[in-house]
Amino acid sequence: MDLTVSGPRRLAGEIVAPGDKSVSHRAVMLNSIAEGQATITNFSPGDDCTSTMVIMRALGVNIERASADDGSGDTLVVKGAGTNGLREAEDVLDAGNSGTTMRLMSGILAGREFKATMTGDSSLQSRPMGRIIKPLSMMGAVIRGRENNTLAPLEFDGGDLSGIEYDLPVASAQLKSAILLAGLRAEGKTSISQPAASRDHTERMLSAMGADIRVDGLDVTVGQSEINCVDVDVPGDISSAAFWIVAGLIHPNSEVVIKNVGINPTRAGVITALQDMGGNIELVNERDVAGEPVADIVATSSNLRGTELAGSIMPLLMDEVPVIAVAAAMAEEETVIRDAAELRVKETDRISATVDWLVAAGVEAEARDDGMAIVGSGRIAGGTFQSQDDHRIAMALGIAAMVSDDPITVVDAGCASISYPEFWDELESLGGIVD
Ligand code: S3P
């Protein structure tokens with residue numbers, strides 16, 4: 001599906017952010033291997049989290065899903081199978097486009113008494129899996145993958161798990177979580193040292209479920225634990241909200257309100273970065289929902305200036321770089337992004353994908369090995385650009401179209417459904433024109 005998108009004279013309205021993808025994955029996975037029953041509200045409507053739910057059902061977990069008619073997010077009721085209650089699936093498990101599903105599920109499938117095979121779409125089959133196979137194998141799991149155990153499909157074939165001490169080579173929440181989840185069933189303690197903080201939803205949820213887990217700065221230790229189901233009211237996804245925040249800032253006549261956004265500090269780097277660029281962003285009604293901080297966010301027209309993004313803030317905003325790049329193009333002066341090599345191994349190579357469309361849209365931009373430089377001029381020409389089948393690239397293009405000189409045609413725009421099926425409808429609700 002290709003969509004042609006253009007911006008309105010005034011961009012205004014209120015949006016309720018869809019349920020957070022990272023929290024939704026964890027709420028299903030952790031409750032599935034816990035004792036008891038849990039209700040998950042505001043579950044992410046995106047295809048990625050459905051992949052996780054379908055895999056857990058295939059492993060024998062009873063999960064009922066009820067979609068809300070009023071658009072308030074899906075509700076799931078999960079009957080926990082307990083620590084050893086998963087059973088062999090009849091077929092290959094399909095993680096679709098979802099790196100979080102594949103990597104976190106690997107931690108759950110490692111060292112089970114049954115065999116399992118997990119695959120994904122062509123994007124996921126090209127993403128690095130050696131980073132999880134290595135530590136899980138050190139723990140005793142038997143896992144094989146293509147190309148010398150670095151790529152999916154992955155085969156899991158038993159093994160007895162014991163704890164390890166492991167220095168993460170990258171600040172990856174998926175890698176950290178895979179090891180922690182295996183650590184729940186491993187003999188002894190499993191300790192992880194991180195090079196920088198990454199999202200900590202797994203640690204928070206495991207702690208709420210009664211796991212033996214300790215966080216000390218960048219170090220996390222988990223001991224063998226049985227966990228108990230907890231209800232989760234999933235906060236709105238800041239990674240989805242980021243598109244509307246940038247739209248509000250770059251449009252010259254705007255006021256966009258995004259309600260119910262999770263602002264966990266390990267996720268909120270995009271707010272800090274955009275405020276540093278001069279963005280008028282106000283957080284109101286700050287509160288705590290099920291152990292996660294939440295706020296409503298108001299973004300209004302701003303005169304943005306370029307910035308430098310590097311170092312420890314990068315894991316806190318990595319998924320938002322495609323839309324921060326749109327803000328950078330509309331800002332005065334240069335924005336330089338470094339320490340972002342992880343972008344090259346996301347759903348697509350997001351450094352190339354972003355710089356390619358920016359350059360084609362007349363923006364002075366250059367790809368670097370670990371980031372990019374963008375010289376803002378306050379103008380983006382229109383045209384036809386590839387989403388590369390990457391949901392965040394597709395949505396960033398939609399936001400660019402709010403201010404571009406001519407309409408933007410987004411090729412394969414339907415991939416937004418990976419995290420945000422309502423994205424294009426919401427864009428229209430704010431005044432955007434979508435054909
Ligand atoms: C995620 C972690 C991040 C992020 C991804 C979701 C998670 O990846 O990019 O979209 O839910 O754990 P890393 O594991 O590279 O941090």
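Analyst: On a 1 Å grid over the protein atoms alone, a pocket is an open set of points with protein on both sides within 12 Å along at least five of seven lines, and a cavity is a set where a 1.4 Å probe fits but cannot get out; lining residues have an atom within 4 Å of a point. Points join across faces, edges and corners, and a volume is the space filled by probe spheres set on them.

The model is predicted: local features need pLDDT of at least 70 and side-chain atom pairs pLDDT 80 or more, while totals for chains, interfaces and linings use all residues. Residues are numbered from 1 along each chain as its sequence is written, and side-chain values use heavy atoms, with hydrogens and water left out.

The largest pocket has a volume of about 460 Å³. Its lining comprises 30 residues, and Ala173, Gln174, Arg199, Asp319 and Lys346 are the closest to its centre. By class, that lining holds 15 charged, eight polar and seven nonpolar residues. (Ala, Val, Leu, Ile, Met, Phe, Trp, Tyr, Cys and Pro count as nonpolar; Asp, Glu, Lys and Arg as charged; the others, Gly among them, as polar.) Helix H1 (21-32), helix H3 (99-109) and helix H6 (173-183) each give the lining at least two residues. Helices (H or I, at least four residues) and strands (E, at least two) are DSSP runs numbered from the N terminus.

Three cavities of 30 Å³ or more turn up in a search of the whole structure. The largest cavity has a volume of about 50 Å³. Ile33, Thr83, Arg112, Leu181, Leu184, Arg185, Ser225 and Ile227 line it. Four of these lining residues are nonpolar, two polar and two charged. The second largest cavity has a volume of about 40 Å³. Asp20, His201, Pro235, Gly236, Ile238, Gly262, Asn264, Arg267 and Glu292 form its lining.

Next, the packing. A nonpolar core is a set of buried Ala, Val, Leu, Ile, Met, Phe, Trp, Tyr and Cys residues joined through side-chain atoms within 4.5 Å. Buried means under 20% relative accessible area, exposed over 50%, partly exposed in between (1.4 Å probe, protein chains only). The largest nonpolar core has 81 residues, and Trp244, Ile258, Trp357, Ile399, Phe423 and Trp424 touch the most other members. Helix H8 (residues 238-250) gives this core its largest share, ten residues. Another core, of 68 residues, lies apart from it and includes Ile40, Ile55, Ile133 and Val230. Leaving out residues up to four places away in sequence, Trp244 touches Ile15, Val256, Ile258, Ile399, Tyr420, Phe423, Glu426, Leu427 and Leu430. Contact here means heavy atoms within 4.5 Å.

Aromatic rings come next. Rings of Phe, Tyr and Trp (its six-membered ring) pair if their centres lie within 6.5 Å; planes under 30 degrees apart are stacked, over 60 edge-to-face, the rest tilted. The structure holds six such pairs. Phe243 and Phe423 have ring centres 5.8 Å apart and planes at 75°, so the pair is edge-to-face. It links distant parts of the chain, with Phe243 in helix H8 and Phe423 in helix H13 (residues 423-429), 180 residues apart. Phe243 is buried at 1% relative accessible area, and Phe423 is buried at 0%. The Trp357 and Phe385 rings have centres 5.9 Å apart and planes at 45°, so this pair is tilted. Trp357 sits in helix H11 (residues 350-360) and Phe385 in strand E22 (residues 383-386), 28 residues apart. Both residues are buried. Ring pairs also join Phe243, Trp244, Tyr420, Phe423 and Trp424 into a cluster.

Last, the backbone. Most residues other than glycine have a negative phi, and most peptide bonds are trans. The bond from Ala152 to Pro153 is cis, with omega near 5°. Pro153 belongs to strand E9 (residues 151-157). Asn148, in helix H5 (residues 146-149), has a positive phi near 60°. Asn148 is exposed, at 71% relative accessible area. Asp412 also has a positive phi, near 60°. Asp412 lies in the loop between strand E23 (408-411) and H13, and is partly exposed at 33%.
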